[in-house]
Amino acid sequence: MTEKGQSAAGEQVRILNFIDGEYVEPIGGKYLENIEPATGKPYSLVPDSDQRDVELAVSAAQKAFPGWSRTPAADRSRILLRIADLIERDLDKLARAESIDTGKPLSLARNLDIPRAASNFRFFATAILHTENEAHVTDGVAFNYTLRLPLGVVGLISPWNLPLYLLSWKIAPAIACGNTAVAKPSELTPMTAYLLGETCREAGLPNGVLNIIQGTGQNVGSAITAHPKVVAVSFTGGTVTGRKVAETCAPLFKKVSLELGGKNPNIVFADADLDAAITGSLRSSFANQGQVCLCGSRIFVERPAYETFVQRFTDETGRLKVGDPLEKSTEQGAIVSKVQVEKVKFYVDLAQHEGGKVAVGGSPPAAPNERCKDGFFFCPTVITDLPVSCRTNREEIFGPVVSITPFDREEEVIHYANDCDYGLASSVWTQNLNRAHRVAEQIHTGTVWVNCWLVRDLRVPFGGMKQSGVGREGGNEALHFFTEPKNVCIAK
Ligand code: NAP
């Protein structure tokens, strides 16, 4: 940690908080080093903000609320559309910033993360123009209509794996609905949220509508969730942190949305189109180095297809190019932090203690180049022969590690899929339509993809069951979360 942003090199970019439309230093003057995962070296400084900075942000958001909440939806919509346009204009700059900050391949940031951030703003900018108010007529007695009013100041907290993608997935519906917000990105990946302040200013977003406070979960995240004037919290992150957020918010009766961890099953029946199942499973296993909450880390393959699947899948996995995230040909970039690589290593060791065999991967690769010689890399890894209910198969690794297990019967694999504390997402590969419907209905996950993975329509409910979360995001679910329904009853 350094004071007043002075780094050893003295040259690093200094990220600032964004409060009331201005970039400002943290009140305490403290900064943390922000490490580039591909090099393992600090390259910028991030504010180590505290409760005082959150206090300023909440005050700015409170001040902005009356004006913004009364701004006509059409005007709010125009500003959000401008934000989307500016994100698209700045695609190259933002994608490069996201890739450097997270270690993800530049191509992924360019093709997925940043375009999706623009889509999030565009989607909610137009969604608020097409809402309907419910009305209920009480026979001969009264007429009711429902108003959906903005809540006030909301807290938005997001993780490091898809930084701008996930933060904008909260910011866009929150401010589209007329709320004002205090947002906190992960301290590991602060850069694109920092740049978003500039974008919002250029788009004409009134001061104080969006405030971004950088820093740790312990200091900033908990100050946001505990703040009495923050009336709702939308949180995406790990299950353990989600529990803390819930514990803080419950006695304060705050509205809470929790999008948490996953240990998602990926089920391949023998009648599946195997080429499609292998290509799809490679994506669902290793996209973003396996650091997507929706990644299918438990693969189950019906016995007649098992050997062929394992052979072809491990061959393809071994061919994935791990490299410098900024190089065009790279398919697997760096893991976000040293701590996360250590966690991946721990689980690969544990898998072997639990009887698993490493079919491919299992260790860090040779340094991709001189620049990346101290970076945080790990080869995509496939484990076979694990007992179905061992720790490796139950706990979220959140890295490029999957297990493959055979099964014989449909009921057996449904049991395997559901025998887990998490319930976020699943995939089913089969050409039997009846089976697809039957299995989809019985799996306890918030999303079931059939013959695909990560196909996202922003209108559908998104979220998890069991320890994967509470509530849903997306479409009307988000519009409802960020508004309070009020019934007005008029006597006839
Ligand atoms: P995390 O450690 O739970 O952190 C998430 C966010 O919460 C970060 O901004 C973090 O700040 C902050 N935070 C930490 N402690 C807090 C506290 N006491 N109060 C309030 N905020 C606090 O999760 P992560 O390691 O960043 O992300 C990985 C996890 O996110 C995985 O479990 C993954 O499955 C989950 N995830 C879920 C979804 C979904 O849609 N369900 C999507 C993506 C990721 P700092 O980072 O600065 O500590």
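1. Which polar side-chain atom lies 2.9 Å from an oxygen atom of the ligand? That atom belongs to Lys184. The model is predicted, and local features need pLDDT of at least 70, side-chain atom pairs count only at pLDDT 80 or more, and totals for chains, interfaces and linings use all residues. Residues are numbered from 1 along each chain as its sequence is written, and side-chain values use heavy atoms, with hydrogens and water left out.

2. A polar backbone atom of Leu260 is 2.7 Å from a nitrogen atom of the ligand, and one of Gly217 is 3.3 Å from an oxygen atom of the ligand. The protein covers 87% of the ligand's own 900 Å² of accessible area (Shrake-Rupley method, 1.4 Å probe).

3. Around the ligand stand 31 residues (each with a heavy atom within 4 Å of the ligand). The closest are Ser158, Glu187, Thr241, Leu260 and Glu396. By class, this shell has 14 polar, twelve nonpolar and five charged residues (Asp, Glu, Lys and Arg count as charged; Gly is among the polar).

4. Domain 1 (13-260 + 468-489) and domain 2 (265-457) both contribute residues to the shell, so the ligand lies between them. The domain bounds come from an automatic or database assignment.

Key:
Polar contact = N/O pair within 3.5 Å; in protein donor to acceptor, adjacent residues only side chain to side chain.
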